[in-house]
Amino acid sequence: MDADSRTQRWEGRAALPLGIASLLYLGCYATHVLAPGLPPLVHDVLRAVTGAAWAVFVVDYAVHWRLSGRGPGFVTRHWLDTVVMLLPLLWPLRIVRLYDVVLRRRGRPRLSLYARVMLYAGLSAVLLGFSSALAVYQQERGAPHATIRTFGDSVWWACSTLATVGYGDVTPVTPGGRTLAVGLMVCGLALLGAVTGSFSSLMLRRFSREEDENGGRPPEV
């Protein structure tokens, strides 16, 4: 059995645990940030669960490294997996992969390739925006001269940043918040490009098919 087939078998088995770990992480982190008044013991449990989720991702990364047989070259060749493993903010995106695995186990996906790309990009935007809003709110609340003082402010900031609008009415002022903002800007541009490219490709394909059906003439308006 070659390395690719072993990696595919591992990914099929690990998709569900990784998806559950992502959900647990997101739920525990949201509770920890949005409910600071809970007893200290509860927050300790939440931190322990998030630590266990991180351990699951580390194990998955180590197994991929071992199965690849590339040694240290795995880090540079699979740099995206390395970034996802190191940045907890990106862990909830594993839920999108779990959704894809569930659909494939039920048979052939019902949605077309373009629809799946737009759906996955939309789910990724929602999960990434929510996670970023939590992280920035944790960094900004209570900071001197902060404009993001409530979670609602943070959600509004995340939406405008992901949409690449950037109204500027609420902005991060802490170093951690601004670092997160830069990462979210990059992700927003990538997601917007994926959706726009898929939609444009879908329209071109449809117009091309209509033109072929009309014998090379453009469709009548």
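Which residues form a nonpolar patch on the surface? They are L16, I20 and L24, with about 270 Å² of accessible area together. The model shown here is predicted. I20 lies in helix α1, which spans residues 3–34. This residue is partly exposed, with a relative accessible area of 43%.

Helix α1 also holds an aromatic pair. Y25 and Y29 both lie in this helix, four residues apart, about one turn of the helix. An α-helix has 3.6 residues a turn, so residues three or four places apart point the same way. A search of the whole structure finds seven aromatic pairs. In the pair of Y25 and Y29, the ring centres are 5.7 Å apart and the planes lie at 10 degrees, so the pair is stacked. Y25 is buried at 8% relative accessibility. Y29 is buried too, at 13%.

Another aromatic pair, Y61 and F74, is edge-to-face. Its centres are 5.4 Å apart, with 65 degrees between the planes. This pair links distant parts of the chain: Y61 sits in helix α2 (residues 40–68) and F74 in helix α3 (residues 73–77), 13 residues apart. Both Y61 and F74 are buried. Together with W65, they form one aromatic cluster.

Next comes helix α4, residues 79–86, where T82, V84 and M85 are buried. These three cover an arc of only 165 degrees around the axis, so they are on the same side of α4. On the other side of α4, W79, L80 and L86 are exposed.

Last, the cysteines. C28 is buried, at 12% relative accessible area, while C187 is partly exposed at 24%. The whole structure has zero disulfides.

Conventions. Residues are numbered from 1 along each chain as its sequence is written. This is a predicted model: local features need pLDDT of at least 70, side-chain atom pairs count only at pLDDT 80 or more; totals for chains, interfaces and linings use all residues. Side-chain values use heavy atoms; hydrogens and water are left out. A disulfide is a pair of cysteine sulfur atoms within 2.5 Å. Buried means under 20% relative accessible area, exposed over 50%, partly exposed in between (1.4 Å probe, protein chains only). Patches are made of residues with over 30% relative accessible area and no salt bridge: like charges are joined within 9 Å, nonpolar side chains (Val, Leu, Ile, Met, Phe, Trp, Tyr) within 5 Å. Accessible areas come from the Shrake-Rupley method with a 1.4 Å probe; for residues, only the protein chains shown count as cover. A salt bridge is a side-chain nitrogen of Lys or Arg within 4 Å of a carboxyl oxygen of Asp or Glu. Helices (H or I, at least four residues) and strands (E, at least two) are DSSP runs, numbered from the N terminus. The arc is that of the directions from the helix axis to the C-beta atoms. Rings of Phe, Tyr and Trp (its six-membered ring) pair if their centres lie within 6.5 Å; planes under 30 degrees apart count as stacked, over 60 as edge-to-face and the rest as tilted.
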